[in-house]
Amino acid sequence: MAEIFQIGDRVQIRLDSKFGENEGWYAGMVIRIEPYSEHRNFYWVRLDAEAQSILKMRELSVFNPKNIKKVG
């Protein structure tokens, strides 16, 4: 069963090979959830300062549940 996320949850998100040398896991916090279907959502994540510095972006959305996991 997929994890259930809520606004404020600390998470790690995975960026795949499309991000080149920036592929990997990055920390952040869920700030918004946009429903897509009955069983799937877009999770908007505000990246931690370190990830923002590396990726040159502040937020991004994650759709695929295999690319997001709770921390702690």
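Colleague: I am new to this model. Where is Asn-67 found?

Modeller: Asn-67 is found in the loop between β4 and β5 (68-70). Keep in mind as we go that this is a predicted model.

Colleague: Is Asn-67 buried or exposed, and how do I read that?

Modeller: The general idea is that a residue is called buried when its relative accessible area is under 20%. Asn-67 has 13% relative accessibility, so it counts as buried.

Colleague: Which residues does Asn-67 touch?

Modeller: Leaving out residues up to four places away in sequence, Asn-67 touches Gln-12, Ile-13, Arg-14, Trp-25 and Val-62.

Colleague: Let me step back to the whole chain. How many helices and strands are there?

Modeller: The chain has 1 helix and 5 strands.

Colleague: Which residues touch the most other members of the largest nonpolar core?

Modeller: That core has 14 residues, and the ones that touch the most other members are Val-11, Ile-13, Tyr-26, Leu-47 and Ile-68. At least two residues of this core come from each of β1, β2 (24-35), β3, α1 (49-55) and β4 (59-62). Take Leu-47 as a case: not counting residues up to four places away in sequence, Leu-47 touches several residues, among them Ile-13, Tyr-26, Gln-52 and Leu-60.

Colleague: Now the rings. How many aromatic pairs does a search of the whole structure find?

Modeller: The search finds 4 aromatic pairs. One of them joins Phe-5 and Tyr-43, with 5.1 Å centre to centre and 65 degrees between the planes, and the pair is edge-to-face. Phe-5 lies in the segment before β1 (10-15) and Tyr-43 in strand β3 (residues 41-47), so this pair ties together parts that are 38 residues apart in sequence. Both Phe-5 and Tyr-43 are buried.

Colleague: Why is the pair of Tyr-36 and Phe-42 edge-to-face?

Modeller: In general, planes over 60 degrees apart count as edge-to-face. The planes of Tyr-36 and Phe-42 are at 90 degrees, with the ring centres 5.7 Å apart, so this pair is edge-to-face. Tyr-36 counts as exposed at 55% relative accessibility, while Phe-42, at 27%, counts as partly exposed. Tyr-36, Phe-42 and Phe-63 form one aromatic cluster.

Colleague: Which residue lies over the face of Phe-63?

Modeller: Arg-40 does, at 4.0 Å from the ring centre.

Colleague: One last residue. Where is Asp-9 found, and what does its side chain reach?

Modeller: Asp-9 is found in the segment before β1. Its relative accessible area is 18%, so Asp-9 is buried. The side chain of Asp-9 reaches the backbone nitrogen of Gln-6 at 2.7 Å. Setting aside neighbours within four places in sequence, Asp-9 is in contact with Ile-4, Gly-28, Met-29, Val-30 and Lys-70.

Notes:
Residues are numbered from 1 along each chain as its sequence is written. This is a predicted model: local features need pLDDT of at least 70, side-chain atom pairs count only at pLDDT 80 or more; totals for chains, interfaces and linings use all residues. Side-chain values use heavy atoms; hydrogens and water are left out. Rings of Phe, Tyr and Trp (its six-membered ring) pair if their centres lie within 6.5 Å; planes under 30 degrees apart count as stacked, over 60 as edge-to-face and the rest as tilted. Helices (H or I, at least four residues) and strands (E, at least two) are DSSP runs, numbered from the N terminus. Buried means under 20% relative accessible area, exposed over 50%, partly exposed in between (1.4 Å probe, protein chains only). A charge sits over a ring if NZ of Lys or CZ of Arg is within 6 Å of the ring centre and within 35 degrees of the ring normal. A polar contact is a pair of N or O atoms within 3.5 Å; within protein, one must be able to donate a hydrogen and the other to accept it, and residues adjacent in sequence count only if both atoms are side-chain atoms. Contact means heavy atoms within 4.5 Å. A nonpolar core is a set of buried Ala, Val, Leu, Ile, Met, Phe, Trp, Tyr and Cys residues joined through side-chain atoms within 4.5 Å.
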